[in-house]
Amino acid sequence: MAFQPTPMDISVLITTPTISVNSESQFVTERRITPTWTVMQLKSKLETMTGIPPNHQRLKLKTPAHSNHWVDGDETIIGDWGLMKGCEIEVHDSRPPSARPNFNDLSSVEKYSLPPSTYESLSNSVLAWKKKQKLGRFDPNALSPDEAMRKQAEKDAEDIETRDIALSKRAIILPSSPPHVRRGTVRFVGPVPSIPYPGVEAQGVDSGVLPLWVGIELDEPTGKNDGSVNGKRYFTCPDKTGVFIKPEKVEIGDFPPLGLDDFDDETLEEI
């Protein structure tokens, strides 16, 4: 009996069409196909890539410089259909759209939630590691959230005094380095209950122990708000020019608004 060489695999592009006409394929991948496979063997392998059951697949073979044609006969050999390098096999789903599962919709997928008691009993969890290292709330010397908030308020007040932060003064936000320097005018200094402190419910807390913030109206629309946070207004400025910064990141000084003379030729060309 003569030796029969194993047919070389052929690299083929596997695609699926979109619902709309003249648009790109939803799924594109390149796979190597053995020409001696039957069409049904190929469909079984395509199911793992496309999610379409073999009995609902219709294969369209696109061959360079040849007309496209449908591949029929599940027991025929795929190599007999003119398979060659550079071909594309487009996998069509014959099921009606209503019968096709939507793998992108996760709303109907039942999600598993690990019970807290089970998680706390694990020995290889992040929680167990924190307990062993005595980090965070497991640190016997760690401050309570209320104490930490009070310490932060004291530090903020000290920073405001030492940095001479006051209303209407010009400021830049740190860290800043030319040409990316955000500068503006101080419009607010004080507590912002709308910005929550970790572990503390701000509602009903004495404002004297809340952390302090500096509200700045920026010269350019590189901010986050219009002087309000979560529906509570603290100052007024155009949208996207307001920002709230911790005092330690504010530098007061003679920082006039930028003019055209402050830009180099390269920056002006970009503008």
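Here are some notes on this predicted model, point by point.

1. **Ground rules.** The model is predicted, so local features need pLDDT of at least 70 and side-chain atom pairs count only at pLDDT 80 or more, while totals for chains, interfaces and linings use all residues. Numbering starts from 1 along each chain as its sequence is written, and side-chain values use heavy atoms, with hydrogens and water left out.

2. **The sheet.** Have a look at the open sheet of five strands, which runs in the order β11-β8-β7-β6-β12 with antiparallel pairing. The edge strands are β11 and β12 (250-252), each of which pairs on one side only. From one strand to the next, the twist averages 45°. For the terms: strands (E, at least two residues) and helices (H or I, at least four) are DSSP runs numbered from the N terminus, and two strands pair if DSSP finds at least two bridges between them.

3. β7 and β8 (residues 212-218) run antiparallel and are joined by seven bridges.

4. **Helix α4.** This helix has 18 residues and reaches 26 Å from its first C-alpha to its last, close to the 26 Å expected at 1.5 Å a residue. The expected span here is 1.5 Å times one less than the number of residues.

5. The buried residues of the helix are M149, A153, D156, D159 and I160. Looking down the axis of α4, you find these buried residues within an arc of 130°, so they line one face of the helix. That arc is taken from the directions from the helix axis to the C-beta atoms. On the face turned away from the buried side sit the exposed residues K151, E158, E161 and T162. Buried means under 20% relative accessible area, exposed means over 50%, and partly exposed is in between (1.4 Å probe, protein chains only).

6. **What covers the helix.** β7 and β8 are among the elements that cover the buried residues of α4; contact here means heavy atoms within 4.5 Å.

7. D159 pairs with K155, and their closest N and O atoms are 2.9 Å apart. The two residues are four apart in helix α4, so about one helical turn separates them. D159 counts as buried at 13% relative accessibility, whereas K155 is partly exposed at 34%. A salt bridge here is a side-chain nitrogen of Lys or Arg within 4 Å of a carboxyl oxygen of Asp or Glu.

8. **A salt bridge across the chain.** R170 forms a salt bridge with D219, with the closest N and O atoms 2.6 Å apart. R170 counts as buried at 17% relative accessibility, while D219 is partly exposed at 35%.

9. **Other salt bridges.** The structure holds twelve salt bridges. Another one joins D226 and R233, whose closest N and O atoms are 3.0 Å apart. Both ends are partly exposed: D226 has a relative accessibility of 21%, and R233 has a relative accessible area of 41%. There is also a network of salt bridges that links K62, E88 and E90.

10. Just after α4, D164 takes a positive phi of about 55°, in a residue other than glycine. D164 sits in the loop between α4 (145-162) and β6, and is partly exposed, with a relative accessible area of 44%. K240 is not a glycine either, yet has a positive phi of about 70°. K240 lies in the loop between β10 (232-233) and β11 (242-245), and is partly exposed at 41% relative accessible area.

11. **A cis peptide.** The bond that joins L174 and P175 is cis, with omega about -5°. Look for P175 in the loop between β6 (170-173) and β7 (183-191).

Notes:
Axes are lines fitted to C-alpha atoms, for helices over the stretch in contact, and angles run from 0 to 180 degrees between N-to-C directions.
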